[in-house]
Amino acid sequence: MTPASLPAAYSPSANLLEGRTILVTGAGQGLGRALALDAAAHGATVALLGRKLEKLESTYDLITATGGPEPAMIPLDLESAASAEYDALNQLVRKDLKRLDGIAHCASHFVPLGPLSQQTIEQWMTLLKVNLAAPFALTRACLPMLSAASDGSVVFTGETHGAHPLAYWGGFAVSKAGLSVLASIWGEELAHKGRPRMNVFIPGPIASPQRAQSHPGEDRGKLATVQQAARAMLFLLGPGGASWSGRTVEM
């Protein structure tokens, strides 16, 4: 599956997401935090989901300090969450926010690079659960609200080595590769309704906390920023990406 490319230049309008509610996972740091801030700056009410409450509170404070719509906070550990927790999350969003127009799956689990022969089944199960099963389960739980939105959009965050496999990326790359198949299948299943849209976004090398783990000696100043990646994701979340579904796209 060959990834497509996003438009070379994209400048969203100031009110791009006004009136919309967007759920962002991994909103406490990195790409998720940058996207939550940018979505709020463009009018969205953002539901902040993450494992650590103090990090969510920091993102919350930045949004409110800059005059964005008041966000919601949803502390949830995707490694341990099961169907009951996802159903409860869906009910919480429905009750408190009344609507859901999009989900940006930015949360990710990473383990140090190494040969497959040295990765354990326990590591694989965690990678598969957080990076692949959790995005599926969360989207599935919220699908009725997403389907009710006039322009619902779900964006899964992929990874370069999930699209272009390379030695030593192991279970992390495999778990990310599955997202493209998931988005493609779901896109076909929902094609007759036309919503919600399902796409995978691959940001490439960006100066994120995860990149610091995989490339600790790298000059981060030469990388694209998480803010640049977040801006590209707005295209898929907003009306500009209305004709895009079932695709894997690279920045």
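No disulfides turn up anywhere: a search of the whole structure finds zero, with a disulfide taken as a pair of cysteine sulfur atoms within 2.5 Å. Cys106 is in none, and the nearest cysteine sulfur, that of Cys142, sits 15 Å away. Seen from the other end, the sulfur of Cys142 has its closest cysteine sulfur in Cys106, and 15 Å is too far for a bond. Cys106 counts as buried because its relative accessibility is 12%, and Cys142 is buried as well, at 0%. Here buried means under 20% relative accessible area, exposed means over 50%, and partly exposed covers what is in between (1.4 Å probe, protein chains only).

A word on the model itself. It is a predicted one, in which local features need pLDDT of at least 70 and side-chain atom pairs count only at pLDDT 80 or more, while totals for chains, interfaces and linings use all residues. Residues are numbered from 1 along each chain as its sequence is written, and side-chain values use heavy atoms, with hydrogens and water left out.

On one count, S5 pairs with strand S2 (residues 21-25) in the parallel sense over four bridges, where pairing asks for at least two bridges found by DSSP between the strands. Strand S6 (residues 153-157) also runs parallel to S5, joined to it by four bridges. Within S6, Val155 is the bridge partner of Ala104. To get from S5 to S6 the chain passes through helix H4 (residues 121-148), a β-α-β crossover that is right-handed; that is, with the strands pointing away from the viewer, the path from the first strand over the helix to the second runs clockwise.

Thr25, in strand S2, is tied to S5 through His105, its bridge partner there. A relative accessible area of 2% is why Thr25 counts as buried. A polar atom of the Thr25 side chain also lies 2.9 Å from the backbone nitrogen of Cys106. Leaving aside neighbours within four places in sequence, Thr25 is in contact (heavy atoms within 4.5 Å) with Gly32, Leu49, Ala104, His105, Cys106, Ala107 and Leu138.

Thr139 lies in helix H4, and its side chain makes a polar contact with the side chain of His105 at 2.8 Å. A polar contact is a pair of N or O atoms within 3.5 Å; within protein, one must be able to donate a hydrogen and the other to accept it, and residues adjacent in sequence count only if both atoms are side-chain atoms. Thr139 has 0% relative accessibility and so counts as buried. Beyond its neighbours within four places in sequence, Thr139 is in contact with Ile103, His105, Leu146, Val154, Phe156, Trp186 and Met198.

Now for the rings. The structure holds five aromatic pairs, where rings of Phe, Tyr and Trp (its six-membered ring) pair if their centres lie within 6.5 Å, and planes under 30 degrees apart count as stacked, over 60 as edge-to-face and the rest as tilted. Phe110 and Phe172 have ring centres 5.1 Å apart and planes at 85°, so this pair is edge-to-face. The pair links distant parts of the chain, 62 residues apart, with Phe110 in the loop between S5 and H4 and Phe172 in helix H6 (residues 170-189). Both Phe110 and Phe172 are buried. The Phe136 and Trp186 rings, with centres 5.6 Å apart and planes at 35°, form a tilted pair. Since Phe136 is in helix H4 and Trp186 in helix H6, this pair ties together parts that are 50 residues apart in sequence. Phe136 is partly exposed at 38% relative accessibility, whereas Trp186 is buried at 8%. Ring pairs also link Phe110, Trp169 and Phe172 into a cluster.

Finally, Ala44 lies in the loop between helix H1 (30-41) and strand S3 (45-50) and is buried, at 0% relative accessibility. Not counting residues up to four places away in sequence, Ala44 touches Leu17, Arg20, Ile22, Ala39 and Pro69.

Notes:
Helix = DSSP H or I, 4+ residues; strand = E, 2+ residues; numbered from the N terminus.
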